[in-house]
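Subject: Structure for you to look at

Hello,

Here is the structure I said I would pass on. My notes follow below it.

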There are 2 protein chains.
Amino acid sequence: MTRITFDDVSHLDEQDSLAPFSARFDIPDGLIYLDGNSLGCLPKAAKDRLNEVVTREWGQDLIRSWNSNDWINAPARIGNKIAKLIGADDGEVIVGDSTSINVFKCLSACLQLDNSRTTLITETGNFPTDAYMTEGLAGIAPDRIGARLVDPDEVIDSLDETTAALLLTHTHYKTGRLRDMAAITSAAHQKGVPVIWDLSHSCGAMPVDLNACDADFAVGCGYKYLNGGPGAPAFTFVAKRYQEKVFPALSGWLGHKQPFAFDDRYAPAPGINRFQCGTPGIIGCAALEVGIDLMLEADMQALRQKSSALGDLFIQLVNQECGEFGFEPACPINAAERGSQVSFHHPDGYAIMQALIACGVIGDFRAPDILRFGFAPLYISYRDVWKAVDILRDVMSSEAWNQSQFKQRAAVT
Amino acid sequence: MTRITFDDVSHLDEQDSLAPFSARFDIPDGLIYLDGNSLGCLPKAAKDRLNEVVTREWGQDLIRSWNSNDWINAPARIGNKIAKLIGADDGEVIVGDSTSINVFKCLSACLQLDNSRTTLITETGNFPTDAYMTEGLAGIAPDRIGARLVDPDEVIDSLDETTAALLLTHTHYKTGRLRDMAAITSAAHQKGVPVIWDLSHSCGAMPVDLNACDADFAVGCGYKYLNGGPGAPAFTFVAKRYQEKVFPALSGWLGHKQPFAFDDRYAPAPGINRFQCGTPGIIGCAALEVGIDLMLEADMQALRQKSSALGDLFIQLVNQECGEFGFEPACPINAAERGSQVSFHHPDGYAIMQALIACGVIGDFRAPDILRFGFAPLYISYRDVWKAVDILRDVMSSEAWNQSQFKQRAAVT
């Protein structure tokens, strides 16, 4: 392979149709932020929008804003916008609560679809909250509900007539491995099992087409590639065919068909609205909506193409510039099998990440030995990738590193 | 009773030690806001704080803020501040999720304390989300868990050896009726039943002393008297003696003892932290913390005294000025039995409230016929009460009212 030069990389930036988007974000000077898969950057428009929602909508309009500023419909309105990013229809996505809570909503919904199916299955190594939520739900009725963790390679084989739900992450948080949503959903359906897809590391990073995959349920996170702000509200997708079959386990008043009738008995709202629970966090919704609106301006195919190219470039440059330092890929090398992130194993992973962060390159470390780098294609440039690898090489070959200051620091952390 | 004059009312304001607090809030010019029990006003300091959390903490510090700006401890830190307002100890209150979700956490916790107790009891006419959450939880295992609604007067009699939890609201959302927390908790304990207190309409409006009442569990709302912003995160109180006995049903990753170990199996964090679930909404937490910090500056006894006096004055003035218009009290007349709100029945309640709102007095209407007025003692003055009743009299006696324009409008709504 011919050696990649800075000119090559600059050329890629010049040809990048998504390049103008980076000016829409506040990105700290001199920082190379490869952690948009953990917390996305701040869209500049969010500052004005939050000022408006706080100063005018809350401060001046007060309680009237539930109607006059349409707060009451924010969860459904923003849900409909997210639907466009993930191949869902209007009325299939609702915003609110956290990904964890929304996993619980979907798991408990699946338990209602067929009383004879009582086991919740997810895989080892999944993002832990997914597995944890199956445990907590099973704990409510341990004589009836089971929670099983199976090997990632045995997921389909593990399904049988007792399986109530299969809960899988589309893009793996640590390795970036991409699951084949269509094939797995189809295989699960062959066994009568609905699948819950966790899209936390997929939505906003690549095209997702839930309905084309005949997907059943999905959840996802607002604060990663959707750039919705720290702890942004999450979302829930429920295919239309299931919505009216579910009596929500988290049956809060805003999921009632007439919340303001203040009836003593719960009666679920029509459609996706029954998957609301309590009063939504309006300020968080406002920030999220800015991130979604910005994302909707981007071409998702171009986004995916750039995301793949950024990851490929990073892998190639690490090979080229840091080949002697012992980084072993922890993600698929084939971009088609990978989300918008690249991971490497390294025995000194924690220390190396601390050193990188000190030098202005932010990725993150995932135990036991993984360095994880996310490439949010809306605001990361090819030159950013070049510079990040340049700094990685400096870190690995520097006197400071050889003197092991970071390794020592890591050892006592 | 001697007639109350505007001078009398002005004199009360001059003597009010809490009067300076109103300058700390953004209150729209000319508006008399008697709905702080639904959505509290905007503390001026919230604007700068939110700008800081968005622009600097999210925008500049990004993912590092979880440590450098202590985002990770926000739920426990703010919880400890709320604890001071409700008679709880450090480590007994955690912020996050909605009141509804937190009700579910407490209900499911109670079910774990004694396997032989499987019925969840609340009262008819309670704020509906409380009752609804018992239904949803029972629906997960209907052969094991029961949800019962009982008459408010039969609450204690309804408890028996099968009761897992009694869920009650301290201050009733509609009538303002105040429950005797100490007496009810004690009576429930006599029957071996833990009580979950919903403090949504109490916290920030009066002193609450959970531990002095030997309380078990409690939840509360951040966006009413705590002035935390629309849909602010809610809170959960779990008495220390129960914390380690509960394996949370909503077992999200941030309730794990080592969230960043990414273990496959859930192991609950020590203490109150296990009642966290997913990633907290940091922007919402930041706004809430401003409201709490402001509230902590106020003397809670003075707050309660003023709240009672505002309500008493409103009742007296309605009698004095609007005696002929058919308002019937829907709240206790004795301030000691009432929260920080006053309610009246009126057959034209909806129309009257619409007319009041059009004239700049905001309260709210609760079906079927209740006008509800909240008196947030941090920012409502005695003169506000005078003016509100003045406008109410104008509305009731005006030509517009007699021409029934609002009544007609109400009829078609």
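Is Ile101(B) buried or exposed, going by its C-beta neighbours inside 10 Å? Ile101(B) has 25 such neighbours, and it therefore counts as buried. Before going further, please keep in mind that this is a predicted model.

**Ile101(B) and its surroundings**

Ile101(B) belongs to helix α5 of chain B. Setting aside neighbours within four places in sequence, its contacts include residues of the other chain: Asp97(A), Ile101(A), Leu250(A), Cys277(A) and Gly278(A) are among them. From its own chain, Leu250(B) is also in contact with Ile101(B). Thr5(B) is another matter: 96 residues separate it from Ile101(B) in sequence, and the two C-alpha atoms lie 47 Å apart in space.

**How the two chains meet**

The contact between the chains involves 72 residues of chain B and 71 residues of chain A. On chain B, the elements that give two or more residues to this side are α2 (44-61), α5 (99-113), α6 (128-140), α9 (282-297) and β14 (364-366). The most comes from α6(B), with 10 residues. Sorted by class, the side of chain B that touches chain A holds 39 nonpolar, 23 polar and 10 charged residues.

How are the two chains related to each other? Chain B is superposed on chain A by a rotation of 180 degrees with 0.0 Å of shift along the axis, at an RMSD of 0.0 Å. This is the relation of a two-fold axis. Both copies use the same surface, as 99% of the contact residues of chain B recur in chain A.

**The domains of chain A**

Chain A is divided into domain 1 (6-43 + 299-412) and domain 2 (70-297). The C-alpha centres of these two domains of chain A lie 30 Å apart. Across the boundary, 27 residues of domain 1 of chain A are in contact with 21 residues of domain 2 of chain A. On the domain 1 side, α10 (300-322), β12 (341-345) and β15 (370-374) of chain A each supply at least two residues. The most comes from α10(A), which gives 5 residues. By class, that side of domain 1 of chain A has 11 nonpolar, 10 polar and 6 charged residues.

**Strand β5 of chain A**

Why can strand β5 (residues 119-123) of chain A be called largely enclosed by the rest of the structure? The reason is that 5 of the 5 residues of β5(A) are buried. In general, the side chains of a regular strand alternate between the two faces of the sheet. In β5(A) both faces are covered: Thr119(A), Ile121(A) and Glu123(A) are buried on one side, and Leu120(A) and Thr122(A) are buried on the other.

β5(A) has parallel pairings with two strands, one of which is β6 (residues 146-150) of chain A, over 5 bridges. Within that pairing, Glu123(A) has Val150(A) in β6(A) as its bridge partner. Together with helix α6 (residues 128-140) of chain A, β5(A) and β6(A) make a right-handed β-α-β unit. The pairing of β5(A) with strand β7 (residues 163-169) of chain A is also parallel and has 4 bridges. There, Ile121(A) stands opposite Leu166(A) in β7(A).

In chain B, 4 strands form an open sheet in the order β11-β12-β15-β14, with antiparallel pairing. β11 (328-329) and β14 of chain B each have a single partner strand and stand at the edges, so one side of each is left without a neighbour in the sheet. Strand β12 (residues 341-345) of chain B and β15(B) run antiparallel and are joined by 5 bridges. Ser343(B) stands opposite Arg372(B) in β15(B).

Asp369(B) is in the loop between β14 and β15 (370-374) of chain B. With 16 C-beta neighbours inside 10 Å, Asp369(B) counts as partly exposed. Leaving aside neighbours within four places in sequence, Asp369(B) is in contact with His345(B), His346(B), Pro347(B) and Gly349(B). Asp369(B) and Ser343(B) are 26 residues apart along the chain, and their C-alpha atoms are separated by 9.9 Å.

Regards

Note on methods. Residues numbered from 1 in each chain as written. Chains lettered and ligands numbered in written order. Predicted model: local features only at pLDDT ≥ 70, side-chain atom pairs only at ≥ 80, totals over all residues. Contact = placed C-beta atoms within 7 Å. Nonpolar A, V, L, I, M, F, W, Y, C, P; charged D, E, K, R; others polar. Domains from an automatic or database assignment. Least-squares fit on C-alpha atoms with pLDDT ≥ 70 in both. Buried ≥ 20, exposed ≤ 12 C-beta atoms within 10 Å, placed from the backbone. Pairing = 2+ DSSP bridges. Right-handed = clockwise from strand over helix to strand, strands pointing away.
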